[in-house]
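Me: Got a model open here and want to talk it through. Can you take my questions as they come?

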Amino acid sequence: MKNIIEVKGLNYRYSENNDQWAIKDLSLQIKRGEWLAIIGHNGSGKSTFSKLLVGLLEAQSGEIYVDHKLLSLDTVWDIRGKVGLVFQNPDNQFVGSTVEDDVAFGLENAGIPRPEMHERVEKALKQVAMWEYRDKEPAALSGGQKQRVAIAGILALGPEIIVLDESTAMLDPEGRAEVMAIIREVKETYGLTVISITHDLEEASAADRIVVFKEGHVVDDGKPADIFVNGEDLIQIGLGVPFTEQLKAALQRRQIDVPNEWLSEERLAEWLCK
Amino acid sequence: MKDNLIIGRYIPGNSFIHRLDPRFKLVAMILFMVLIFMASGWLDYVILTAVILGLIFLSNISLGVYVRGLKPMLIIIVFTVVLQLFFTYQGDVIWSFGPLKLTTDGLLNAVMIFMRFVLVIFISTIVTLTTQPITLTDALENLFSPLRKILPVHEVALMLSIALRFVPTLMEETDKIMDTQRARGVDFSEGNLIDRIKAIIPILIPLFISAFNRAYDLAIAMEARGYRGSEGRTKYRQLKWQRRDTLASIVLIGLMILIIWI
């Protein structure tokens, strides 16, 4: 598979006289159609990276290629059309005064003619199962529903990459499951690339590949199974380990011989039944 | 607190008034207000009251809702009416007590002032109750679009619609901050004027800071979705002038001629 995003030697700091680099010599390749999770503790540069990716912040040095196009002043709006961002706070990213208006906002900016706009809004809202709520105001929606509308707003623009910048951090478990299920569905339908920046390790364990950030660069990169086996290292970086790993560690402490490889919840349950 | 506030609220519906073009409603509201202030005789007021009651009937919202809308203005109304009643010195004296005189002219003036208040509030409530705030901003943008060269019409309309969209969000946040501060022992309902003003600070400052953060987040989200100002933008909503709007305009013009002629 081809790379859709290539990052080479990226450096970024928030102010000139700040010695702390938010992103330090970061290099990363992301394949088309991949589900990538970026994990790391607070201040590891995850969110800064997502903003650099669509040119909301400008890097001091380094190059970002999105779909083989170098991110620059000339291509930034083009690239923003390809990359959709869903942010953390569902209230603060809701621009429109109703669900429909919010989904249409990105299309209005792109100058899409009205008849096509109506079609696209309807299709996107049906995709996230929010069509019946099209006249509702944001105050009448739950957090999970608002995030679904945010996803619809991005889908309507026909992106190739969706970046979830801790999009489920402010949701209850139900809303979180709802949003993740929809992301999974649209990823399959449209063959999108998903980059999910998260603290939630259960969410990360569903990814194809996990990248661990620390102090602005990649310290670990691999399949969830490979990452989570190093439970101790993760805790040292300031992260937890998924529930199954915690259970395995607790069993080991009780002298029970569990397999050393990473297991999903189902697999662990299977093994325990044996 | 939200339930009592009728001013600026929208009640969804599908009546004749609901379906009128918001541009017409805005202009008609202003013309009606001018008419109310121009009305001088008894007959004018009778006609205007009948028309406005008719509009209320057409809006399919009960009269009680409109009457509740008068409540916040009650003190001003009563104050002005009483002032008119007792401090008009022209006309025949009906009753007097020291410098206070109740005269026939005073009585007449008081009734007219009262009717003016009620009619102006009613006509503006009809517009706000039957028009979605967002279409009102659309209407404003549309009406002011000839001034595009000298005024940033799109930007003002965008600001208005964002402000309207954030009113409930910020109200909710204010309630939350007030509860939080109450839980920490701030008392909002007691003490003298200065104490009460001081008690507002722990609400105001967090609210300001959070509004700044919200604005920052919203700006980032808007930019990420490709917002670059008014140029090259299409519009999702379109206002459509329909036959009923033309009809209503003709009726309105007729009414204006009638009132001025009388």
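Me: How is chain B divided into domains?
Reply: Chain B has domain 1 (1-146 + 237-262) and domain 2 (153-229), with bounds from an automatic or database domain assignment. This is a predicted model, where local features need pLDDT of at least 70, side-chain atom pairs count only at pLDDT 80 or more, and totals for chains, interfaces and linings use all residues. Residues are numbered from 1 along each chain as its sequence is written, chains are lettered from A in the order in which they are written, and side-chain values use heavy atoms, leaving out hydrogens and water.

Me: What area is buried between domain 1 and domain 2 of chain B?
Reply: About 740 Å², with carbon and sulfur atoms giving 81%; that is accessible area (1.4 Å probe) lost on putting the two parts together, summed over both.

Me: And how many salt bridges across that interface?
Reply: The rule finds 0 (a side-chain nitrogen of Lys or Arg within 4 Å of a carboxyl oxygen of Asp or Glu).

Me: OK, over to chain A. What's the strand order in the open sheet?
Reply: E2-E1-E4-E5, 4 strands with antiparallel pairing. Strands are DSSP runs (E, at least two residues), numbered from the N terminus, and two of them pair if DSSP finds at least two bridges between them.

Me: Which strands stand at the edges?
Reply: E2 (23-31) and E5 (69-70) of chain A; each has a single partner strand, so one side of each is left without a neighbour in the sheet.

Me: How many bridges do E4 and E5 of chain A share?
Reply: E4 (residues 61-66) pairs with E5 of chain A over 2 bridges, antiparallel. A:Tyr65 sits opposite A:Leu70 in E5 of chain A.
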